[in-house]
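Here is a short briefing for a reader new to this structure. Take a look at the model before reading on.

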Amino acid sequence: MVLMGVSAGKRILLIIGGGIAAYKSLELIRRLRQKGHFVRAVMAEAAQRFITKLSAGSLTGETVYDDLFALTDEAAMGHIELSRDADLVVVAPATADMLAKMAHGLADDLASTLLLATDKKILAAPAMNVRMWLHPATARNAGILRRDGIAFIGPEDGAMACGEFGPGRMSEPEAILAAIEEMLASDTKIPLPAALSGQAANALAGRRVIVTSGPTHEPLDPVRYIGNRSSGKQGHAIAAAAAAAGAEVVLISGPVALADPKGVTAIHVNTALEMLREVEAALPADIFIGAAAVADWRPAEISTAKLKKDTGNGIPLPLAKNPDILATVGRRPKGRPALVAGFAAETEKLLENAQGKLAAKNCDLIVANEVGAESDVLGGDKNKVHILTGQGRESWPLMVKEEVARRLIAKLAGMLN
Ligand code: PMT
């Protein structure tokens, strides 16, 4: 029986990397076919050490491609055509080697050539030894790919085929299928705004955009600080999307473990006071976007010596209120950016509180996102947001933060122009 999902009948190009998890990609094909999708498989040479073309081909019901130079393949379907014909490209397993090739634009076999040639969205399901995943080179490559808009699922923690334990296991086929369906559904529900597609990719050319990102760290003594779990992924993705739309971008970031996005001027700060100072120095701008999770309070005094724990039942911690950077920019009597956009991170009464912030901070747009125990927004890869403006409200489905960023930039470009 073929079960049709909301996004049934889509064309998936599945690139199978050379790792032990390749066997799971056979189950993924089976599940995709069961949902009514068409699957074309491309196998890296090393993948054929783990599974055969015959098994993949029997499940897809299609030719399985593996050779960049095969004339017969080329006659049947050109390689570029192969990548363009898909609705979504899925790389499972995405090995460390494949991620490295993708991040650096190498194209020395069919799989990597297709990944470089495609203009379609890509979902990668990494699978590798835990040390390979945690290696700074792989972390760097994954960071580059995330900023390029590649979506990731996994890897998961668990026991590995090599006997080690930790992150590196490929996500289960069921979870990959859910991620695929989500990406297909978000695409069909909200087409990419015209402002960022094709020839309009320069929607912010000649414009200056300031973005804040990440947490602030408010020092308590030489070793401790008050902070929060913001990773900077959302703010950095917004800065990258604004740069991709042709803007001159200044990114003012609190302490994060992310590399600076390409093509932006990045300024690194620690505290809210430093962030405000750098924002004011970076003005004027056409658009200001406050995505940082700025600490509302800071220790009123910073101890010059490390606070000792043997001080009885505790230590008093007087706090001083930090300035509100977004409200300061939004309420500027002179030199206010044409558009001021902020975020609202709420654990309850999301829309009500977000609406309050739109007015109180004199913003043109507020991105409301739910944070808290149930939500993975702080630090996670995805975000489900509501966009509030003076004209009303839009609710967007759960998307990778890069996609939220691209759509937000498209929305702001539309409002500005
Ligand atoms: O960094 P990630 O891990 O990717 O997570 C993204 C995010 C959840 C941090 C991001 O999407 C987000 O919601 N950022 C704003 C977090 C926040 O501080 O929300 P808030 O509701 O407390 O503040 C509202 C707005 O005022 C925000 O735009 C904030 O930047 C700004 N603000 C707040 C306090 C302050 N002193 N100065 C400010 O500018």
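The model is predicted. Its chain is divided into domain 1 (11-189) and domain 2 (196-303 + 314-416).

**Two domains**

- The C-alpha centres of domain 1 and domain 2 are 33 Å apart.
- Where they meet, eleven residues of domain 1 are in contact with 13 residues of domain 2.
- On the domain 1 side, the elements that give two or more residues are helix H8 (136-147), strand E5 (151-152) and helix H9 (173-189).
- That side of domain 1 holds five charged residues, three polar and three nonpolar.

**The ligand and its shell**

- The ligand is surrounded by 30 residues.
- The closest are Ser231, Gln234, Gly290, Ile325 and Gly342.
- Three elements each supply at least two residues of this shell: helix H10 (233-244), helix H12 (325-330) and strand E16 (339-346).
- Of the elements, E16 gives the most, with four residues.
- By class, the shell has 13 nonpolar residues, twelve polar and five charged.

**The eight-stranded sheet**

- Eight strands make up an open sheet with mixed pairing.
- Their order is E12-E11-E8-E13-E16-E17-E19-E20.
- Strand E12 (264-268) and strand E20 (392-395) are at the edges; each has a single partner strand, so one side of each has no neighbour in the sheet.
- From one strand to the next, the twist averages 15°.
- Phe343 stands opposite Val367 in E17.

**A helix pair**

- How do the axes of helix H1 (residues 22-34) and helix H2 (residues 53-60) cross? They come within 9 Å and cross at roughly 10°.
- Angles under 35 degrees count as roughly parallel, so H1 is roughly parallel to H2.
- From H1, Leu26, Ile29, Arg30 and Arg33 take part in the contact.
- They meet Ser55, Ala56, Leu59 and Thr60 in H2.
- This contact of H1 with H2 has four nonpolar residues, two polar and two charged.

**Backbone details**

- Ala92 and Pro93 are joined by a cis peptide bond, with omega of about -5°.
- Pro93 is placed in strand E3 (residues 88-94).
- A cis peptide bond also joins Leu283 and Pro284, where omega is about 5°.
- Which residue has a positive phi although it is not a glycine? Lys349 does, with phi of about 45°.
- Lys349 is in the loop between E16 and helix H13 (350-360).

How values were computed
Residues are numbered from 1 along each chain as its sequence is written. This is a predicted model: local features need pLDDT of at least 70, side-chain atom pairs count only at pLDDT 80 or more; totals for chains, interfaces and linings use all residues. A residue is near a molecule or strand if its C-beta atom, placed from the backbone, lies within 6 Å of it. Ala, Val, Leu, Ile, Met, Phe, Trp, Tyr, Cys and Pro count as nonpolar, Asp, Glu, Lys and Arg as charged, and the others, Gly among them, as polar. Domain bounds come from an automatic or database domain assignment. Two residues are in contact if their C-beta atoms, placed from the backbone, lie within 7 Å. Two strands pair if DSSP finds at least two bridges between them. Axes are lines fitted to C-alpha atoms, for helices over the stretch in contact, and angles run from 0 to 180 degrees between N-to-C directions. Angles under 35 degrees count as roughly parallel, over 145 as roughly antiparallel, 65 to 115 as roughly perpendicular and the rest as oblique.
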